[in-house]
Amino acid sequence: MKKRSNLSRLLGYAGKHKILTYLSWILSMVSALLALAPFWYIWRIIHDVLEAAPDFSQAENITRYGWSAVLFAILSVVVYIAALMCSHLSAFRIASNIRKELMRHIMELPLGTTEKYGSGKLRRIVNTSGSAAENYLAHRLPDKAGAIATPIGLLFLLLAFDWRLGLLSLVPVVLGFLIMMKMTGKSMEQKMEEYQNALADMSNEAVEYVRGVPVVKTFGQTIFSFKRFKASIDNYEKWVIEYTKALRSPMMFYTTAVNGAFAFLIAGGIIFSRGGVTDELLLNLIFYIVITPVIGTTLTKIMFMSEDAMIVNDALSRIDEVMNEKPLPESTEKSVPSDNSIVFEHVSYSYGENETDKNSSPGRGGRKNALNDVSLSIAPGQKAALVGPSGGGKTTLAKMIARFFDPREGRILIGNTDIRNIPKETLMDKVSFVFQESRLIKASVLENVRMAKPQATRDEVVRALKAAQCTDIIEKLPDGIDTVIGAKGVYLSGGEQQRITIARAVLKNAPILILDEATAFADPDNEARVGKALAELSRGKTVIMIAHRLSSITDADCIYVLRDGGIEESGNYNDLIRKNGIFTRMWKNYSEAAEWKIEKEVRA
């Protein structure tokens with residue numbers, strides 16, 4: 001199958017506006033030819049002046065030629081503005097459609113895929129791809145059409161009056177074009193890809209760093225705690241410096257070549273005037289000196305068009321990367337869970353090469369598995385806790401219940417039904433989750449909470465906020481629940497954001513609740529309030545809780561201890577303490593740390 005060109009792909013998003021793109025090219029070419037007409041009149045003015053000298057009063061047509069030149073110059077600008085209006089209308093529609101299609105596809109992807117990319121990188125792909133296409137279609141393509149027409153008209157003008165001086169004027173064109181080909185070849189495409197990768201990495205790490213600021217403040221760390229962010233900045237700096245140095249010499253020679261037409265013309269004028277300077281030679285020499293700057297401008301436009309074409313090619317490659325991500329398969333069976341029980345049957349999962357793999361336990365065949373042959377059962381209404389060393393697979397296990405990704409092996413059942421056979425909407429109605437990194441959008445508190453249940457009334461939202469211990473937050477906000485978060489200096493602390501997130505889950509009232517260290521970075525006051533909110537939220541639900549504070553899970557019906565992607569121990573608190581195994585050691589270490597903290601506070 002023949003691969004579609006980038007231009008053909010972009011115009012596929014234009015719809016009925018495609019005709020405007022073609023019209024902009026035609027108008028741009030007409031504008032470019034009209035822009036050359038004033039040079040013809042300049043030649044006529046110089047001709048009449050030289051012929052009339054020294055009695056310039058005989059040059060009667062100078063005024064007419066001058067106004068004709070001005071008229072054609074204005075007409076060229078007007079036609080070019082019309083071309084840009086057409087190209088911009090089409091470009092805006094194309095950029096908008098690209099972003100819409102990308103966002104529609106991203107919305108269909110599992111949450112695990114969006115986590116793999118990172119919100120910073122995805123946002124940059126959506127924004128940059130549309131902007132690159134818009135700039136290319138709105139400006140560069142009309143300019144390209146004009147740049148094609150300009151050399152044709154220039155060639156006629158350069159060879160029409162004195163073919164010898166015309167050929168000399170083309171020498172810097174050839175030199176500049178050869179240097180430009182060297183700069184904008186395959187190596188430039190690779191460099192452009194490296195540049196976009198460096199920008200994407202830096203953007204993604206910047207977003208993650210900003211989101212991690214509460215952690216920095218909590219533990220008194222510095223920016224050097226975020227080595228990946230600093231490394232991405234250092235990598236970008238290194239790339240930019242090396243790239244700039246590599247292009248320094250070619251760009252210097254290119255600039256010299258395209259602006260060196262005067263040298264060739266003066267040399268040619270000296271050679272051609274050995275037999276004496278004629279009025280015709282002087283006329284043509286002056287004319288060519290006036291018109292040759294157009295050559296440099298045209299070549300520079302072509303160079304930037306080549307660069308933008310590579311940017312668009314890279315943007316489309318990144319769009320393809322996202323569009324090639326497949327949504328999780330939807331079963332035609334459309335089963336409904338019979339209850340709120342959760343069962344894992346021999347579940348294994350390993351992250352792909354491009355996915356974020358925070359676990360390093362070797363699985364079958366030497367692959368790194370996040371989960372290895374995990375089997376567990378949680379009855380309806382039970383509270384299960386997941387504990388263990390960092391990287392043991394706790395978060396991966398919890399996310400698989402909400403189908404962030406599917407198992408490589410085994411299956412997960414909710415209410416005796418494989419989650420792959422449960423419609424996506426039904427599964428999302430069945431499961432709520434509260435993660436330690438709460439996410440609020442720049443909207444009112446009302447809109448943030450209502451995201452969980454768009455049809456909810458205002459009274460229902462208020463009740464959910466009250467149940468989530470948010471009354472004190474609402475009371476201090478200038479417009480109550482209608483206050484826009486993040487606007488005009490209205491910001492919430494990490495613990496307050498967490499309570500708003502819990503209010504979402506309260507409003508949704510899903511029968512299965514996943515809590516991933518929901519109180520990790522809350523201050524003591526907020527931690528107490530969050531704890532009350534979670535207790536209210538958990539009532540009568542099947543709860544899966546990931547916790548590092550072991551004191552919060554002593555009442556769990558079953559505690560699963562995960563290490564290296566597998567379940568090492570399971571049972572309630574008393575059972576695990578009697579086993580004197582991993583959990584016992586974890587509890588001992590936790591108790592000693594808590595006692596040390598209390599002693600430290602007492603001494604202080």
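Student: Where is Lys399 placed?
Tutor: Lys399 sits in helix 13, which covers residues 394–401. Keep in mind that this is a predicted model.

Student: Is Lys399 buried or exposed?
Tutor: Buried: its relative accessibility is 12%, and the cut-off for buried is under 20%.

Student: What is Lys399 in contact with?
Tutor: Leaving aside neighbours within four places in sequence, Lys399 contacts Glu115, Phe404, Phe405 and Phe435.

Student: New topic, the core. Which residues touch the most other members of the largest nonpolar core?
Tutor: Leu465, Ile502, Ile553, Ile559 and Phe583 do, in a core of 45 residues. Helix 18, residues 494–508, gives the most to this core, with six residues.

Student: What does Ile553 touch?
Tutor: Ala385, Val387, Met545, Ala547, Ile559 and Phe583, not counting residues up to four places away in sequence. Apart from that core lies another one of 33 residues, and Phe344, Ile422, Ile546 and Cys558 are among them.

Student: Why would such residues be buried together?
Tutor: In soluble globular proteins, nonpolar side chains tend to be buried together.

Student: Back to helix 18. How many of its residues are buried?
Tutor: 12 of the 15, so helix 18 is largely enclosed by the rest of the structure. The buried ones include Ile500, Ile502, Val506 and Leu507, but also Glu496, Gln498, Arg499 and Arg504.

Student: What span should helix 18 have, and how far apart are its end C-alpha atoms?
Tutor: At 1.5 Å a residue it should span 21 Å, and the end C-alpha atoms are 21 Å apart, which agrees. Helix 18 is followed by Asn509, which has a positive phi near 55 degrees.

Student: And helix 9, how far does it reach?
Tutor: Helix 9 has 32 residues, 227–258, and reaches 45 Å from first C-alpha to last, close to the 46 Å expected.

Student: Where is the kink in helix 9?
Tutor: At Arg248, shortly before the proline Pro250, and the angle is about 40 degrees. Buried residues in helix 9 include Phe229, Trp239, Tyr243 and Tyr254.

Student: Now the strands. How many residues of strand 9 are buried?
Tutor: Five of five, across residues 542–546. Both faces are covered, with Thr542, Ile544 and Ile546 on one side and Val543 and Met545 on the other.

Student: Which strands pair with strand 9?
Tutor: Strand 4, residues 383–387, pairs with strand 9 in the parallel sense over four bridges. There, Ala384 stands opposite Ile544. Strand 8, residues 512–516, also pairs with strand 9 in the parallel sense, over five bridges. Leu515 stands opposite Met545 in that case.

Student: Which way do strand 1 and strand 5 run, parallel or antiparallel?
Tutor: Antiparallel, joined by five bridges. Ser348 stands opposite Glu409 in strand 5. Seven of the nine residues of strand 1, residues 342–350, are buried, so strand 1 is largely enclosed by the rest of the structure.

Student: Last one, cysteines. How many disulfides are there?
Tutor: The count comes to zero.

Student: Are Cys86 and Cys470 buried or exposed?
Tutor: Cys86 is buried, with a relative accessible area of 11%. Cys470 counts as buried at 0% relative accessibility.

Notes:
Residues are numbered from 1 along each chain as its sequence is written. This is a predicted model: local features need pLDDT of at least 70, side-chain atom pairs count only at pLDDT 80 or more; totals for chains, interfaces and linings use all residues. Side-chain values use heavy atoms; hydrogens and water are left out. A disulfide is a pair of cysteine sulfur atoms within 2.5 Å. Buried means under 20% relative accessible area, exposed over 50%, partly exposed in between (1.4 Å probe, protein chains only). Helices (H or I, at least four residues) and strands (E, at least two) are DSSP runs, numbered from the N terminus. The expected span of a helix is 1.5 Å times one less than its number of residues. The bend at a residue is the angle between axes fitted to the seven residues ending there and the seven starting there. A nonpolar core is a set of buried Ala, Val, Leu, Ile, Met, Phe, Trp, Tyr and Cys residues joined through side-chain atoms within 4.5 Å. Contact means heavy atoms within 4.5 Å. Two strands pair if DSSP finds at least two bridges between them.
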